[in-house]
Amino acid sequence: MKRRTTLTTAVGLCLGALALSVNAQTKWDLPTAYPPANYHTENIVQFAKDVDTATAGKLKITVHSNASLFKAPEIKRAVQSGQAQAGEILLANFANENPIYALDGVPFLATTYAESQKLYNVSKPAMEKLLAAQGMKVLFMVPWAPQGIYIKKEISAGADLKGVKWRAYSPATARIADLVGAQPVQIQQAELSAAMATGAVEAYMSSGSTGYDTKTYESIKNFYDTQAWIPKNAVLVNAKAFDALDAASKDAVLKAAAAAEARGWKTAQEKNEEYKKLLAERGMKIHKPSPKLEADMRQVGATMQADWLKLAGADGAAIVDAYKQK
């Protein structure tokens, strides 16, 4: 009888320990709008693996790519409300909420990776304060390649964009359409290939990676390498979800995030030329903008910088002044 009691107790203790182990595991969902083969997504998947390893499986992060869990415009709200514990957003998509989000989408303010890094460093405190007020925390940010113009026809001036069906995926790209007289069409990246194939989109501004990921070369044959701006994606975490972690798990997440940011910036720069080469191999003509086209687009940029400063006020002016002085 005593032996049976001992055995029952031992089994009970083992089951209890197993239950505690299962209960101790935390699971996060991390939605992103980009396909699995995109370097941003690959970087996030590696981040999730690093967290899993560092926490010995205590924190499991499931990455949901290609807008499969939430569409691009829904991800920020999902993280803010706790529907998803973390998520990746393109900052410029949320310019209507606050002009700070639009800063890295202002044309010709920061056009090289060194300038983009500088702009990031001076604007990061304001960005973190803004997101903290919304119940979120920045884990890491990673840039895209410099933005150029994809268009069906060859162009030599800004006037050639008039009337073109222009993909507007953010307030900034919608404003560009307005300034050049194009027709803005709201299309998220997951739907872009179909929109180009049907003629709903004839032109848009984005990076080489977007052009490659969406097989733009199948419908559009010209890319003008204007290098207009370098937008960034931000991986955000719900503050309550992060605060609920134990100290060791928090440290693991922050270390993995720092590594992901460094890796992402390095990869972005390496991929920039690679994507243009891949596009050319698939029939895309890579054009250097004519002096007239470049001058016209820089005028668009000057107008948008003035617009941004009006909206951002003294706080925005302080950020830009700090950026230009460094």
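Q: At what angle do helix α4 and helix α10 pack?
A: This is a predicted model, so let's read the pair off its coordinates. Helix α4 covers residues 113-133 and helix α10 covers residues 291-325. Their axes sit 9 Å apart, and the crossing is right-handed. The packing angle comes out at about 145 degrees.

Q: How many residues of the contact of α4 with α10 are nonpolar?
A: From α4, Glu-115, Lys-118, Leu-119, Val-122, Ser-123 and Ala-126 take part, and they meet Ile-319, Ala-322 and Tyr-323 in α10. Sort that set by type and you get one polar and two charged residues, while the nonpolar ones number six.

Q: Where does α9 bend?
A: Helix α9 runs over residues 247-281, and its 35 residues reach 49 Å from first C-alpha to last, close to the 51 Å expected. At its start, a side-chain oxygen of Asp-246 comes to within 3.1 Å of the backbone nitrogen of Ala-248. Further along there's a bend of about 35 degrees, at Lys-271.

Technical notes
Residues numbered from 1 in each chain as written. Predicted model: local features only at pLDDT ≥ 70, side-chain atom pairs only at ≥ 80, totals over all residues. Heavy atoms only, no water. Helix = DSSP H or I, 4+ residues; strand = E, 2+ residues; numbered from the N terminus. Expected span 1.5 Å × (residues − 1). Bend = angle between axes of the 7 residues up to and from the residue. Polar contact = N/O pair within 3.5 Å; in protein donor to acceptor, adjacent residues only side chain to side chain. Axes fitted to C-alpha atoms, helices over the stretch in contact; angles between N-to-C directions. Left-handed = near helix turned anticlockwise from the far one by under 90°. Contact = heavy atoms within 4.5 Å. Nonpolar A, V, L, I, M, F, W, Y, C, P; charged D, E, K, R; others polar.
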